[in-house]
Amino acid sequence: MAALLLIPIIFPIVMGFILMCNGIKDNRQRYIYVAMVCIINMILAIVFMFTVPEQSFTVIRFSEIVSITFRVDGLSTVFGMIVSTLWVVTAFYAFEYMSHEHNENKFFSFFIISFGVIMGIVFAANLITMYLFYELLTAATLPLVMHEMDKKAASAGKKYVIYSITGASFGFIAIMLLMYFGVSLDFVYGGILTDLAKISGHEQLLLVGFICAFFGFGVKAAIFPFFNWLPSAGVAPTPVTALLHAVAVVNAGVFAIMRVTYYSFGTDLLYGTWAQFVCMLAAIITIIFGSSMALRENHIKRRLAYSTVSNLSYMLFSLMIMTPEGLVGGMTHMMFHSVLKITLFFVAGAIIVTTGREYVDQLAGFGKTMPITMAAFTICSLGLIGVPPLMAITSKWMIGTAAANTDLVLSYVGIGALIISAVLTSLYLFQIIIKAYFPDKGLNLERMNKGVKDPGKCMTIPMMGLSIASIVIGVYPTPFINMFQHIAGIL
C-alpha cells in the first residue's frame, strides 16, 4: 500500500519530461495538459496522505541504515497539503502570466517536474531520502529561476546554486554525524539519538552537527546571513517567485529543519544548550532584519521577498523554542504565510505583467483602476499584519504564547522581535495600500493610469479565491490547529 506514495512523485516528473521532449505548440492544449497533470497529482497526493497507512516503502537499500524509503506521517501531510493545493492554483495563474513570456514548454516542463520533486521531500521517510530530493529541488527549480536567460537571471541562478550547494554541504555533515551516532536515519518523533551509551561524551560534537543542519537547511529558509539568494531570485517569472518565496523551496527549508530538530536530533538533547541559543538568536535577528529591509525596498517583488525572509524566521524561531507548542506555532505560520504570501506575489505579478510597473511609488491610484487586484492585496496584507480575525494573528499569537511558556530569556527577546516586526510589516504593507487608495493630491491619475486594469480571469480568480480562503481559515482555524496539535502530541 505504501508503494502508492511513489505515484505523486514519479507521475509529474515523467509528464514533465514528456512535455519537454515532445513540446506542445498550441497554448490551449499545453494549458490543458499542465492543468490535468497538476490536478490529478494533487488529488492523488491528498488521497494517499489520508488513506495510506504509516508504513514505510523502501525502493533501494544500500545498507542497514542507508536507504531510499518513503512514508506518510502527520508532518508530511501538513506540508503536502500546502504544496499540492497551491501548486494547482499557481498553474492556473501561470497560464495567463506566461502567455506574455516565451519558452512556455520549457517553463511548464520544469514547473511540473518540480511538483514531483517536492513531493519526494514530503514523503521522505528518512534523512537520506529527504536530502536526495532536497538537492534535486535545486536542480529542478534552477531553470525556472534562470528562465529569462539574461545577465540578471544568470547572476541570480549562480547565486542560487552557490548558496544551495553551501547549505547542502553543511547539511551533509549533520547527516554523517547522525548516521554514526543515531540508531537509524528514519524520522522518529523525539529523535534517533536514543543510544545514550553511544552519544555519551560526544554531546558537544552533536550540537555542532545541529548547528550545521540548522544553517545548512536554513539556507533555503533564507536565515541570516544566507538570505541574499531569495531577493535575487525575484528576476524569475512571478509564478516561480510565488512558489519559491511562499511554497516550495523556502518551506522545504523550514520543513527540513522541523525534521532534523524534532525527528532526528530530538529536543531532549538540544533544549537549553548553546546550540539552541545560537539558532534562536539567528532567527530573531533575521525577523528584524527582513522586516527592516522590506520597509526600505521600493521594488514590490523584492519588498515581498524581504518580507518572506522575516516571516520564515517567525517559523524558525517558533521551532527553536523546542516545545510541542513551538512546533504547532511553526506549522501554523507555515500554512498561513503560504496562502497569504503567494497571493501577494500574485498581485505583484498581475501589476507587472499588465502595467509594466515594478515599484511601490508607481502604484498611485491603482485601487480604482485595478480594484480586484488591490482588494486581494489589501485582504492578504491585513492578514499578514495580523489584524483580527484574519490569518496571521492566530499563528503569531501561538508563537508568542509558546515562547512565553518557556524559561528561556531569549524567548522573551523573540517576543519583542515579533512585536517590532509586526509594526514594520504594517508600515511596508500599508504604504502600498495607502498609495493605491489614497494617492497624493494633484496627480493626473487619468493620464498616469491610462489603460491600467485588472488582468484576466486566470489571474484574478486565484487571487480572490485565496483571499476568501484566507478570511475563512482566519475566522475558523480550529480544524487545522487541532490537526497540528495532534501531530505535535498535544492532543
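Buried, in these notes, means under 20% relative accessible area, exposed over 50%, and partly exposed in between, with a 1.4 Å probe and protein chains only.

**Ground rules**

I am working from a predicted model, where local features need pLDDT of at least 70, side-chain atom pairs count only at pLDDT 80 or more, and totals for chains, interfaces and linings use all residues. Residues are numbered from 1 along each chain as its sequence is written, and side-chain values use heavy atoms, with hydrogens and water left out.

**Entry 1: salt bridges**

I counted a salt bridge wherever a side-chain nitrogen of Lys or Arg lies within 4 Å of a carboxyl oxygen of Asp or Glu. The structure holds four of them.

I began with Arg30 and Glu104, whose closest N and O atoms are 3.6 Å apart. Arg30 sits in helix H2 (residues 27-51) and Glu104 in helix H4 (residues 104-122), so this pair ties together parts that are 74 residues apart in sequence. For helices I take DSSP runs of H or I with at least four residues, and for strands runs of E with at least two, numbered from the N terminus. I then looked up the burial of both partners: Glu104 is buried, with a relative accessible area of 10%, and Arg30 counts as buried at 5%.

Next I turned to Asp73. Arg71 forms a salt bridge with Asp73, at 3.7 Å between the closest N and O atoms, and Arg259 forms one with Asp73 too, at 2.8 Å. Arg259 belongs to helix H11 (residues 249-265), while Asp73 is in the loop between strand E2 (67-70) and helix H3 (74-98), so the pair ties together parts that are 186 residues apart in sequence. Through shared partners, the salt bridges join Arg71, Asp73 and Arg259 into one network. I checked burial here as well: Arg259 has 1% relative accessibility and counts as buried, Asp73 is buried at 7%, and Arg71 is buried too.

For packing, I use axes as lines fitted to C-alpha atoms, for helices over the stretch in contact, with angles running from 0 to 180 degrees between N-to-C directions.

H14 (residues 300-320) packs against H18 (residues 391-404) at an angle of about 30°, with the axes 9 Å apart. The two are therefore roughly parallel; I call angles under 35 degrees roughly parallel, over 145 roughly antiparallel, 65 to 115 roughly perpendicular and the rest oblique. I took contact as heavy atoms within 4.5 Å, and found Tyr314, Phe317 and Ser318 of H14 meeting Lys396, Ile399 and Ala403 of H18.

With H19 (residues 409-437), the H14 axis comes within 11 Å and the crossing is at roughly 155°. H14 and H19 are therefore roughly antiparallel.

Leaving aside its neighbours within four places in sequence, Ser313 is in contact with Ile223, Ala283, Thr286 and Ile287.

**Entry 2: helix H22**

In H22 (residues 478-487), I found Ile481, Met483, Phe484, Gln485 and Ile487 buried. Their cover includes H3, H11, helix H15 (324-355) and H18. Just after H22, Gly489 takes a positive phi of about 85°.
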